[in-house]
Amino acid sequence: MTHGTARSILLLAVLSYIGVIAWFSPLVIQDYPNHLARALIMADLMFQHGAEFGATYQYHFLFTPYVLGDLILAALVAVVGVSVAGALWAILTFLSLPLSLLVYLRARQTSPDVTVLMLLISLYLSTDTFFVMGFTEFKLSVAIVFAALALLELLRQRWSSMRYVAFVVVVVASYLAHLAATVFIGAAVGASAVWGVALRRARIAREILLISPVVAALAWHELVAVHYREPTDLINQFSIWGTPGTKISRLIWDFLRYNTYQELVLLALFAAFLGFALRARLTRKTPQVLEPWAYAGVFLILYFALPFGQTEASYIDVRTLALVPVFLILGLLNLPRRAASTGTVVQYLAIALVAANLAVLTYHFRKNSLWLAQYRDIVAKIPEHSDVLPIYTGGRNRNLYTNLHVGSFAVMDRHALIPYQFSGNVGSPMTYFRYEHLPYAPTEFWYQEKRDVNVDWKRVQDTYRYALIMKPFSPARIPLQGRVVAQNDAAELLALDRPTR
């Protein structure tokens, strides 16, 4: 396959993915509706003086993670509206890895054929478990890591003050996007420093300069940002490290999204791609091979060393796995070829993987979109600015909570008050965004608990005007009194009776 043909296929694949994402937007990907609703509220607070949400929420800029993505998305909402902004943000999230990887590969002076193949595979890696979980800020932060590594490469080639300033700016942006990105940059800079000093390509004084902004950002977080909490914030103290068995089983966590059998077909194609790529290459190692593999090794070590969850953060260790396959594949594809013709099968396998992945995504996006249309039909019956308790009765499908946070469409469509928006009050990292007064609500996952959960139904009845109940559900478990306003296969809207005094 010629280089021109491969580039054309890559462009067609990118446009196809963008088309599918745009067509089925807003995507029902776990946390995304919650983030999108928060952006709508922040846009109102920042640009409309709180005309719609000022009595319910507050926003104050704080130098802390997540705020950068929220500010960009809120600005998009203010300019083009929540519907268009939702589609654009999802597309940007998807494109962030291929685009940042392109910048990184060019900085490394990677050959054109390897670059095209890496970008093609990145379309599969970009739609990983974190993407379908709606972790948009984290996905963008991974892209920032590759932008930082690109600047690191350029600084290694030729040091300049402008490049160093750009590197510092990217580190600051990484912190404001997601704390994990700053940690990842620090790990990569440290590994690169060891590599550079060992080969006598790096000077210790400059390595100190490179790690300094990372250390400063992490010090700020530990000494200042952690104190943005208020005494009333609902923070659960927990620590989940996992066992050696769970650590090993989660090594493919990033690839298991919706359906086990579908994902295993994709994994088989991916394994075939890796196998034929290795078979087509010599085992002679070069710096272009060893350095990416060293990065992969560092992030694997981090994976085994970090906890799965701690205090206000979850999925801590598996986040490092988002970078491991990129570096493993990059090192593999930089091994010298046995012959010029051996890359054809590898290219076709990459194309098959990307096409099959798009088919899987299209199937699930369409299925979720049809369900969401029914759910929003019920949401449309809510009077504007009502107090609404969404009750989530869905379950967990592998790593995903099906249709979690769709209750946030009550905020977007009807400007309702719901108690489950990510905010400082509920213990989320978004300490810059808060409820004025957090209403009573049971934990969002109370329905999924096997043991009886103490829900104060009298307070629920007294606090909320409506209950938005996902179907199916057991009426015996939700002893609320009221009138059914509307219902369909997706949800039921219950107008709650006011308790007698």
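## Cavities

In this predicted model, five cavities of 30 Å³ or more turn up. The largest cavity has a volume of about 100 Å³. Its lining is made of 15 residues, and Pro390, His405, Val406, Gly407 and Glu444 are the closest to its centre. Two elements, β5 and β9, each give two or more residues to that lining. By residue type, the lining of the largest cavity divides into 10 nonpolar, four polar and one charged.

## The strands beside the cavity

Let's start with β9, which spans residues 466-470 and is mostly covered, with five of its five residues buried. Tyr466, Leu468 and Met470 point one way from the strand, while Ala467 and Ile469 point the other way. On one side of the pairing, strand β5 (residues 388-391) and β9 run in the parallel sense over four bridges. Here Pro390 stands opposite Leu468, and Pro390 is also one of the residues closest to the centre of the largest cavity.

β9 also pairs with strand β11 (residues 491-496), this time in the antiparallel sense over five bridges. Leu468 has Leu493 as its bridge partner in β11, and Ala467 has Leu494. Because six of the six residues of β11 are buried, this strand is largely enclosed by the rest of the structure.

Strand β10 (residues 482-487) joins β11 through five bridges, and the two run antiparallel. Gly482 stands opposite Leu496 in that pairing. Together β10 and β11 form a hairpin, with three residues between them.

Helix α7 covers residues 136-157, 22 residues in total, and reaches 32 Å from its first C-alpha to its last, close to the 32 Å expected. Since 18 of these 22 residues are buried, α7 is largely enclosed by the rest of the structure.

Arg108 pairs with Glu153, their closest N and O atoms being 3.7 Å apart. Arg108 sits in the loop between α4 and α5, and Glu153 in α7, so this pair ties together parts that are 45 residues apart in sequence. Arg108 is buried at 4% relative accessible area, and Glu153 counts as buried at 10%.

A further salt bridge brings Glu207 to Arg156, with 2.6 Å between the closest N and O atoms. Glu207 belongs to helix α10 (residues 204-223) and Arg156 to α7, so parts that are 51 residues apart in sequence are tied together. Glu207 is buried, with a relative accessible area of 8%, whereas Arg156 is partly exposed at 21%.

## Other charged contacts

The side chains of Lys247 and Asp317 meet in a salt bridge at 2.7 Å, N to O. This pair links distant parts of the chain, 70 residues apart: Lys247 is in helix α11 (residues 244-249), and Asp317 is in the loop between β4 and α14. Lys247 is buried, with a relative accessible area of 6%, and Asp317 counts as buried at 0%. Elsewhere, salt bridges that share partners join Arg229, Glu230, Asp233 and Arg434 into one network.

## A partly exposed strand residue

Finally, Gln310 lies in strand β3 (residues 309-310). With a relative accessible area of 36%, Gln310 is partly exposed. Gln310 and Ile21 are 289 residues apart in sequence and 33 Å apart in space, C-alpha to C-alpha.

Conventions. Residues numbered from 1 in each chain as written. Predicted model: local features only at pLDDT ≥ 70, side-chain atom pairs only at ≥ 80, totals over all residues. Heavy atoms only, no water. Buried < 20%, exposed > 50% of the residue type's maximum accessible area, 1.4 Å probe, protein only. Pairing = 2+ DSSP bridges. 1 Å grid on protein atoms, 1.4 Å probe; cavity = no way out; pocket = protein on both sides within 12 Å on 5 of 7 lines; lining within 4 Å. Points joined across faces, edges and corners; volume = space filled by probe spheres on them. Nonpolar A, V, L, I, M, F, W, Y, C, P; charged D, E, K, R; others polar. Expected span 1.5 Å × (residues − 1). Salt bridge = Lys/Arg side-chain N within 4 Å of Asp/Glu carboxyl O.
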